[in-house]
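Reader: I'm new to this structure and don't want the whole tour at once. Could you pick out one part, look at it closely, and then show me how the rest connects?

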2 protein chains.
Amino acid sequence: MEVDLDRFSRRDWEEPTDADPIRFAMVGLGWWTREQAIPAVESAEYCTTTALVSSSTEKAEDVAADLEGIEATLTYDEYADGEASDAYDAAYVCTPNGFHREHVGAAADHEKAVLCEKPLEASVEDARAAVDACQEADVPLMVAYRLQTEPVARRARELIRDGAIGDVVSIVGHMSDTVLDSVDETSWRFDRDLAGGTTLNDIGVYPLNTIRFILEEDPQAVYARTESEQPAYEGTDEHGAFQLEFSEGTLASCTVSHSASLSSSLRFVGTDGELSIEGLFFPTTQKVLRVSGPGIEGEFRPEPVDQMREEFDYFANRLQRGLDPEPDGEHAMVDMRAIRAFYESAESGSRVELDL
Amino acid sequence: MEVDLDRFSRRDWEEPTDADPIRFAMVGLGWWTREQAIPAVESAEYCTTTALVSSSTEKAEDVAADLEGIEATLTYDEYADGEASDAYDAAYVCTPNGFHREHVGAAADHEKAVLCEKPLEASVEDARAAVDACQEADVPLMVAYRLQTEPVARRARELIRDGAIGDVVSIVGHMSDTVLDSVDETSWRFDRDLAGGTTLNDIGVYPLNTIRFILEEDPQAVYARTESEQPAYEGTDEHGAFQLEFSEGTLASCTVSHSASLSSSLRFVGTDGELSIEGLFFPTTQKVLRVSGPGIEGEFRPEPVDQMREEFDYFANRLQRGLDPEPDGEHAMVDMRAIRAFYESAESGSRVELDL
């Protein structure tokens with residue numbers, strides 16, 4: 001094995017420079033931004049938060065009161081108008097999915113780099129418009145697939161690329177949490193136009209994208225099924241299951257739920273061995289990577305890293321070095337088309353081929 | 001928790017009697033019978049092997065030469081004619097699937113109890129005929145789902161029944177082995193009429209039936225996909241993936257392969273916790289059961305039992321007590337219809353509802 005597992009959580013992407021830290025505008029101040037993104041940036045090496053953007057000045061100022069270094073507190077309209085745009089270098093967009101396009105577009109207008117949460121938008125068309133806006137303005141757009149800078153996922157990818165388990169034949173994965181039980185019925189999550197879906201898109205994108213990342217391949221066809229049991233969740237996909245078809249016969253089978261116990265796993269079965277990861281998809285949970293093959297047999301329980309800090313530092317360090325961060329908008333478009341196909345498939349009961 | 005986990009591998013079904021051991025005719029002397037079934041019966045408490053049935057007297061006598069207590073060595077024709085039928089009480093049928101019907105029917109004709117390997121037959125119609133033959137002759141028919149007497153599966157069922165993880169929402173499972181790589185191209189496994197399929201039926205039946213057993217519910221609809229990559233396996237389902245829909249929104253996603261690394265697992269995610277089992281489906285591998293819920297948190301690595309011995313002893317002990325062994329033919333018919341639906345679905349690309 002060529003893979004260096006001794007320094008398991010090393011930042012293989014990192015190259016410190018003399019550049020100033022990248023200054024972020026946090027666009028959208030929901031719980032994820034407040035409890036995950038802002039603390040992650042506070043502990044990060046290559047970036048800092050200098051602007052806060054929300055629905056009201058009051059809300060932005062409330063959040064700013066607990067933070068140091070905030071230079072601007074803006075409404076979405078003020079942000080769109082380019083107010084105080086000298087106060088930040090990049091925008092982190094974390095709002096209901098259906099608002100991503102306009103906030104990404106505003107950042108592009110102001111020539112700011114963008115880190116946009118996933119899924120990229122509520123529809124393929126709006127996602128395409130967001131990507132186009134960044135391409136036309138020539139600003140970097142990275143979509144926030146934080147698993148792609150999670151050391152466990154990176155080591156898994158290296159091991160599989162290095163042939164540790166032979167050719168991948170089967171993949172099984174799952175992700176579940178209690179999100180629907182923790183929001184009220186007025187939540188944007190129940191609004192199809194704003195959310196683009198409930199569970200298959202919101203957390204289905206984790207196994208979907210992470211499988212693509214580790215396998216280094218895109219699915220050719222999908223099948224999906226949605227279920228909703230609780231009356232309050234009628235019309236949503238409270239639970240879901242999907243299959244992905246890759247080239248050379250590789251099949252992936254996954255389940256997701258927004259109203260089950262918090263849990264996640266991903267397993268790759270190959271011609272010569274297997275690799276599984278427990279606890280993969282949540283930001284700071286203990287991960288366990290087990291790998292078994294002709295040249296390697298082991299269990300790794302690395303000290304958990306803050307996935308959000310890794311992601312922000314990666315994005316910022318790339319910008320400092322004058323490099324585009326990845327995964328970019330075109331990469332995200334593949335997930336958008338796959339998610340649309342999930343819902344088409346769930347509606348029709350048939351598999352849907354992807355035109356990639 | 002009401003579940004007794006201290007005596008993890010106890011035989012909760014066992015009740016010794018003064019009855020004589022059940023004498024088995026082994027019908028079909030392929031590697032599974034020789035290397036798994038016969039040694040299992042040799043170490044069993046309630047049964048013994050007294051007759052061997054094969055394609056030729058010579059083959060039966062060859063196998064008999066290494067064994068004690070064999071009273072009859074028969075060809076299939078002699079067995080069908082009822083020769084030496086006083087020498088055995090029950091038949092263990094382990095031939096290519098498409099011959100099960102005739103061997104089960106012969107046992108029924110001779111008023112012998114039957115333990116028939118799974119899947120029960122190559123087609124729903126022939127399986128139905130085998131079940132009917134036993135019902136008409138009023139002989140017990142058990143289908144050899146050995147997981148149903150595997151202590152890990154029984155404890156998992158008890159834990160879930162007892163509410164250890166709440167309501168089951170999602171299930172993911174997989175099973176893979178190298179069977180296709182170990183047989184030559186003339187194998188009955190490549191003959192659709194004899195085998196009834198390649199992988200979705202032959203090992204798909206393990207997660208399918210074990211999920212039914214642990215969940216105590218039957219699927220209402222299925223979707224499946226098959227893949228075949230290697231030229232030698234053209235026209236077979238070398239790899240497969242399937243989804244099962246249960247009532248109340250429970251979804252199961254599984255993958256299977258007959259040409260990948262030997263591996264298996266099954267995981268139940270519930271509203272309040274989760275339960276997973278590693279290594280479940282193979283006869284003597286180490287099993288690991290992990291369960292996490294409000295009333296329980298633990299990992300169990302019981303000393304592996306010989307699944308085949310447990311199954312034979314259970315079957316024999318039931319007969320000694322004058323009780324019908326389970327799972328019976330009607331239980332197996334549900335799998336037969338589900339497997340037919342798998343292949344229909346793989347052909348059409350659409351989900352298939354089961355008429356149960």
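Author: Let's settle one word before anything else: a residue counts as buried when its relative accessible area is under 20%, as exposed when that value is over 50%, and as partly exposed in between. Keep in mind, too, that this is a predicted model.

You'll find Thr49(A) in strand β2 of chain A, which runs over residues 47–54. What does Thr49(A) touch, leaving out residues up to four places away in sequence? The list is Phe24(A), Met26(A), Val41(A), Glu68(A), Gly69(A) and Ile70(A).

Now for the cysteines. The structure has zero disulfides over all chains. Take Cys47(A), which is in no disulfide: the nearest cysteine sulfur belongs to Cys94(A) and is 15 Å away. Cys47(A) is buried too, because its relative accessible area is 6%. Cys134(A) is likewise in no disulfide, and the nearest cysteine sulfur to it, that of Cys116(A), sits 8.4 Å away. At a relative accessible area of 2%, Cys134(A) is buried.

Chain A also has a charged cluster for you to find. Arg11(A), Glu14(A), Glu45(A), Arg309(A), Glu310(A) and Asp313(A) are linked in a network of salt bridges. Over all chains, the search of the whole structure turns up 60 salt bridges.

Let's cross over to chain B. Here 42 residues of chain B are in contact with 42 residues of chain A. Between them the two chains bury about 3,300 Å², and 55% of that is on carbon and sulfur atoms. Four salt bridges are found across this interface. Arg267(B) and Glu278(A) bring their side chains together in a salt bridge, 2.4 Å from N to O. Glu245(A) and Arg225(B) form a salt bridge as well, with their closest N and O atoms 3.2 Å apart. Since Glu245(A) lies in strand β9 (residues 239–245) of chain A and Arg225(B) in strand β8 of chain B, this pair joins two chains.

Which elements of chain B give two or more residues to the side that touches chain A? They are β7 (168–176), β8 (221–227), β9 (239–245), β10 (251–257), β11 (263–270) and β12 (274–278) of chain B. The most comes from β7(B), with seven residues. By type, the residues on this side of chain B divide into eleven nonpolar, 20 polar and eleven charged.

Some of those strands turn up again around a helix. In α6(B), residues 151–161, ten of the eleven residues are buried, so the helix is largely enclosed by the rest of the structure. Among the buried ones are Val152(B), Arg154(B), Arg157(B) and Leu159(B). The cover over the buried residues of α6(B) includes β7, α9 (205–215), β11, β12, β13 (288–293) and β14 (296–300) of chain B. At the start of the helix, a side-chain oxygen of Glu150(B) comes to within 3.1 Å of the backbone nitrogen of Val152(B). Just past the other end of α6(B), Gly163(B) takes a positive phi of about 85°.

Ile339(B) is 189 residues from Glu150(B) in sequence and 23 Å from it in space, C-alpha to C-alpha. Ile339(B) belongs to helix α11 (residues 329–348) of chain B, and at a relative accessible area of 6% this isoleucine is buried. Not counting residues up to four places away in sequence, Ile339(B) touches Pro119(B), Leu200(B), Asn201(B), Val205(B) and Leu208(B).

Glu117(B) and Lys118(B) meet through their side chains at 3.0 Å, N to O, and both residues are buried. Glu299(B) pairs with Arg290(B), their closest N and O atoms being 2.9 Å apart. Is Glu299(B) buried or partly exposed? Glu299(B) is partly exposed, with a relative accessible area of 42%.

Conventions. Residues numbered from 1 in each chain as written. Chains lettered and ligands numbered in written order. Predicted model: local features only at pLDDT ≥ 70, side-chain atom pairs only at ≥ 80, totals over all residues. Heavy atoms only, no water. Contact = heavy atoms within 4.5 Å. Buried area = accessible area lost by both parts, 1.4 Å probe. Helix = DSSP H or I, 4+ residues; strand = E, 2+ residues; numbered from the N terminus. Nonpolar A, V, L, I, M, F, W, Y, C, P; charged D, E, K, R; others polar. Disulfide = S-S within 2.5 Å. Buried < 20%, exposed > 50% of the residue type's maximum accessible area, 1.4 Å probe, protein only. Polar contact = N/O pair within 3.5 Å; in protein donor to acceptor, adjacent residues only side chain to side chain.
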